[in-house]
Structures are given as structure tokens and as C-alpha cells.
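Dear colleague,

I am handing over the structure below, and I would be grateful if you could look through it alongside the notes on aromatic contacts that follow.

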Amino acid sequence: MAPLLNVIFTFSALCGSTVVSGILRGPRNVRLSSYNMDLVLSWDPPEGAAPNLLYTTGYTTKYAISLSHPYEDGCVNISALRCDFTDLNIPLSEYGKYTGRVRVQSATEHSDWVESNQITMDMNTIIGPPTVSLMSNGPTIEVSIEDPVFRISALRNAYSFITYNITFWKDGEKEKARSMSNIQQNRVVLSELDLWTKYCVQVQINTNWNITPSELSGPVCESTTSENTPWVAALVTFVVMAVVVIVVAIAVVYRKRMSYILCPNVSLPPHLKEQLMEPPSSFIYLAMLNSKPPEETYHQVSFITDGRPVVEEHPPEAAENSSSRQLDVTVNRGVHEETQIRIVD
């Protein structure tokens, strides 16, 4: 009998099996954690475990309804060393208390369940760093803070009271950093800064229930400028943009009414169309249309001077608004004699 047991133990050691007296060893360091309101169970493989082991997990709440079966199934037959319960569409609560468990699976057997620690989501979740952006405004710097994104719920839904710790310093002089604590606004203006100087900022979140502050944001840096900030140009630009937006909005809202005014959809009555399309029937117009152009008349005038006839023909010119026309002609006879003829039509 002893030689047979020695063979079994030797074979188990060589193969790296976790079977001891027919029972699989359970996972080690089983822990339940939460980051930004997720719920993750992680563990280490059994000591001396063979590769490619499979694991099955479960979770429970403090107020499990069914005491006979308090655990709900989580990840089943996975090879990874973690299970994210948040990815399983489990109805988790930001105020719930949870415990996880895991065991090793094989084709024919499994280990005992190994339970994790219990966590309360709003008290034990690790809050990630906020997102910080800076905007220089002459001798001041405006700090804008954006809360981290939670996997379930939101920061301001999970916690009723939130404050920020803001730390800022001149670039390269972090040992001389200044702090602002218990800031409730997510937009803060840093004043009393040196001109043309680069400042760096970090922010941390405090809540009323979570005993641990959030992770620090990464340093963000911005430089101050002179006091002569072109705020007038910025204001004018803002006003112009606002007017353009208002005009566009009015045009969109009242586009039908404006199109009706500019291009009215009105048609003439049929009888007016017929009268306008008919050819003119006025007797004056017809008489003018059918009459022949008047014949041109002219007067022939002969002048005899020194025995040589001179003939000038003057066609009648169009009189502007006069009914008579007179022509003055002067003829020289010799050196001393002068004759004047006046023709009146």
C-alpha cells in the first residue's frame, strides 16, 4: 500500500496537479474591488497549479433574498484570473454591499468555493482622477474640473456632497506649492499670479461617504500673460456670433412665412388672364397700326445772286412743340447791296 501512495504523490508532483487526496486546491488571494463604481473579483491560481485551469465565480449582496441559494452566478468556466461583474449586466447599486467567490473547475471535479472580502460600493470604490483644463486670462488662470465617469450611476448621484482640493505651483517649484481646500465649484479662478509665468495645477476629489480621496489628476500647466487682455475683441466676437445665431434661428423657425412673403403663391383669376392674353382691340391702336407713315414735304426756295441760281432744299424737321417755323436768309449783292428774305411756314 505504501509503495502505491508514493507512486501517486510522485506522479502528482511531476505533473504539477492540484489534486490532493482527490480534491482540487482553491484559488489564492481572492479579492473584490471597485474602481469608479465597477465590481471586479480577482484571484491568484492555486499553488503549483497546472496551466489552463478554468474558474467559476459568483457574487452575493448583504440582503440576499434566498438564503438557501444566496450567491448568483458570475463568470463561468473562464481561464482569466478576474471577473468583471459590471460587464455581465448585473443590476448593481452604488450603495450595495457585495461579496464574491470563486472555485477551480475541471472536467470531473472542482475545488471548494473561496470567498472574497465584502465591499460597500460608495464607501470603498476607488474614485479616479478628475479631468482638469486650464485657460489663461491675462494675469489669472481659470481651472475647469470635470468629474470622472462612473461605470454605474454618476459621481454626483452617488455622493451628495463633493469638494475639490486644488494645488498649484510655479513650474519647477513644486516644493512651494499652494493649496485651496473644500472648493465646491468646478470652475475656479487662480488670481494673484505673476505675469508671464508658467503654473501647474493638480486636483483631488473629496466626498462625504468615501473615506479615501480620489486619485490626483495629472499636472496640467498654463502660462499667465500681460494685464492688457483683448477682452473687448472677445466680447465683440461673442456678440456678433450671438446675433448670427439668433438670425439663423429666426430664419429657420419662420422660413415658411418668409418664403410666403418673398415669393407669394398667388395666381390671377382666369378672366384676368384671358383679358391680358387677348390682343389689343382699341380702335386708336388699330388705326395707328394700319396707317401709313406720313409723306415728307419740303419747300423749294430759289435765290438769284449775280446771275447764278442757288437752290437749297430744306426738309421739314420735326418740330418739338411749335406750329410755325421761320427761316432767315441773307444774300449779298455786290459790295453795298443786301437783300433779306424771311420765309414763314
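Is Phe85 buried or exposed? Phe85 has a relative accessible area of 0% and is therefore buried, where buried means under 20% relative accessible area, exposed over 50% and partly exposed in between (1.4 Å probe, protein chains only).

This is a predicted model, in which local features need pLDDT of at least 70 and side-chain atom pairs count only at pLDDT 80 or more, while totals for chains, interfaces and linings use all residues. Residues are numbered from 1 along each chain as its sequence is written, and side-chain values use heavy atoms, with hydrogens and water left out.

Rings of Phe, Tyr and Trp (its six-membered ring) are paired if their centres lie within 6.5 Å, with planes under 30 degrees apart counted as stacked, over 60 as edge-to-face and the rest as tilted. By this rule there are two aromatic pairs. The ring centres of Trp43 and Tyr55 are 5.5 Å apart and their planes stand at 55 degrees, so this pair is tilted. Trp43 is buried at 1% relative accessible area, and Tyr55 is buried at 2%.

The pair of Tyr59 and Phe85 is also tilted, with 5.4 Å from centre to centre and 50 degrees between the planes. Tyr59 counts as buried at 11% relative accessibility.

Finally, the charged end of Arg101 sits over the ring of Tyr71, 4.0 Å from its centre, and over the ring of Trp113, 3.9 Å from its centre; the criterion is that NZ of Lys or CZ of Arg is within 6 Å of the ring centre and within 35 degrees of the ring normal.

Best regards
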